[in-house]
Amino acid sequence: MNIPSDLKYTKDHEWIRVEGDIATVGITDYAQNELGDIIFLDITSTLGDSIKAGVELGTIEAVKTVSEIISPADGLITGINEQINENPSVVNTDPYNEGWMVKIKLDNKFDRSSFLSDSEYKELIGI
Amino acid sequence: MSLKRTAFFNIHKNLGAKLVDFAGFEMPVQYESIVKEHLAVRESVGVFDVSHMGEVEVSGDGAFEFLQNLTTNDISKLNPNGVQYSAMCNENGGIIDDLLVYNMNDKYMLVINASNIDKDLSWMREQADSNVTISDISDSTSLLAVQGRHSLNVLRKICGVDLSGLKYYTFTEGSIEGIPVLISRTGYTGEEIGFELYFSSDVDTSEKIWKVLFDAGSEFDIKPVGLGARDTLRLEFAYRLYGNDMDETTNPIEAGLGWITKLSKGNFIGSEAISAVKDRGISRKLVGFIIDGRLPARHGYEVYKDGIKTGYVTSGSLSPVLQKNIGLAYVNKDNSEIGGTIEINIRGKMASAEIVKTPFIN
């Protein structure tokens, strides 16, 4: 199980990578493994949408099940990874890079300390 | 209550399978990837541990009459060493379970769904008189399904019996490494060539057979296959799954199981109710559909026709072979025509789907 130390995590099994005021968001290696074969990413928010932490941005469909993508932070949607639906298995094979899902321009209230560290996330999933 | 385990539990664990609770058993849902396991069966050969299934022996002077009354298909058409797909219904014609019946000359063996073992046994015992003996051999029986075009090539290397003449839905007694094995040309994948192997659930015995199978199958890239792919494989052939596509609230006619319901054989449990359904005509029907779009439908989603609710989805998945979202749904008879369109409410989004002939693939 790959849980990189340079990322932050949520209890919803998402990761967040903050560069400047842009956060890139995806699901963790643990999440992709639990979901199994990913077949479709359905982000219902659109570019420029103002979103709040905790709202549903869309869903990720696997062969056996479906899971919600939850916004980890307040901000504006600035990117959606449309490439995923060309080859959805990239979420399974490379969840932290090619498998990213949305980019969010964070508002200035963003608090990095409200997220889990890699070790806290590992504890959450019991590894 | 702790989960039951099959004799292959340690093998699954060592292979890194994802284990889930299925009908009270800790079973592998996938080893690596449902899609890869699915395609392994379609393209070469895969092995499933389905030892959670129930096996019940029925013997005694009254066994034939008992089964003729209990099940919907016609036992008089079941020859020795033959296998018959059938169902048992309640008095209302509701399906208690679907099953396989094996004619073993001096007795019969029924293979029933794991989730229904207790229910089926008590139902059968209620119907039986003193001329019938019912023995639950589920716990002492291991069952592996070996499915796919190379399954025969694998088994011919290790079974002490010629299988090339074994016809679909027949079985023979063979052995692997000296272990007695009932070899049945049956399966739940739709593969033309596929076998199910019944043998002792002794752990050493079971692990030995698994190992011999995988050694013999390595040249065909044989793969272990979990219950996840078992479900997608059966759905491509529109095989009904008990608990999803049928249950005690559905009758065999609307479930599309008229072909195993032989009203002409005489009375059996549920036959009057089913006969009445046939006379007045069914009100709904299980149909196959293909969704126009990439969101798959799932069990329980509502189905609409021109904005009016007409039924619900019973099974749905991506078809790994077609790369389309397929499924089964009960819809009102008036909306069940092949080629017609329905709408499926996928968590608030209406997706259009076409009603198609099944199986989805050939």
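1. A quick word on terms: a residue counts as buried when its relative accessible area is under 20%, and as partly exposed between that and 50%. Keep in mind that this is a predicted model. By that cut-off Tyr188(B), at 18% relative accessibility, is buried, while Tyr239(B), at 24%, is partly exposed.

2. Those two tyrosines stack: their ring centres are 6.0 Å apart and the planes sit at 20 degrees. Tyr188(B) comes from the loop between strands E11 and E12 of chain B, and Tyr239(B) from the loop between H7 and H8, 51 residues apart.

3. Over all chains there are 13 aromatic pairs. In chain A, Tyr9(A) and Tyr121(A) are stacked, with centres 4.9 Å apart and planes at 10 degrees. Tyr9(A) belongs to strand E1 and Tyr121(A) to helix H3, so the pair ties together parts 112 residues apart in sequence. Tyr9(A) is buried at 0%, and Tyr121(A) is buried at 0% too.

4. Have a look at helix H2 (34-43) of chain B: 7 of its 10 residues are buried, so the rest of the structure largely encloses it. Among the buried ones are Glu37(B), His38(B) and Arg42(B). The buried residues pack against strands E2, E3, E9 and E13 and helix H7 of chain B. At the helix start, a side-chain oxygen of Ser33(B) comes within 3.3 Å of the backbone nitrogen of Val35(B).

5. Chain A also has an open, antiparallel sheet of 3 strands, ordered E4-E6-E7. E4 and E7 are the edge strands, each with a single partner, so one side of each lacks a neighbour in the sheet. E6 and E7 pair over 5 bridges, with Glu56(A) opposite Ile70(A).

Methods
Residues are numbered from 1 along each chain as its sequence is written. Chains are lettered from A and ligands numbered from 1 in the order in which they are written. This is a predicted model: local features need pLDDT of at least 70, side-chain atom pairs count only at pLDDT 80 or more; totals for chains, interfaces and linings use all residues. Side-chain values use heavy atoms; hydrogens and water are left out. Two strands pair if DSSP finds at least two bridges between them. Helices (H or I, at least four residues) and strands (E, at least two) are DSSP runs, numbered from the N terminus. Buried means under 20% relative accessible area, exposed over 50%, partly exposed in between (1.4 Å probe, protein chains only). Contact means heavy atoms within 4.5 Å. A polar contact is a pair of N or O atoms within 3.5 Å; within protein, one must be able to donate a hydrogen and the other to accept it, and residues adjacent in sequence count only if both atoms are side-chain atoms. Rings of Phe, Tyr and Trp (its six-membered ring) pair if their centres lie within 6.5 Å; planes under 30 degrees apart count as stacked, over 60 as edge-to-face and the rest as tilted.
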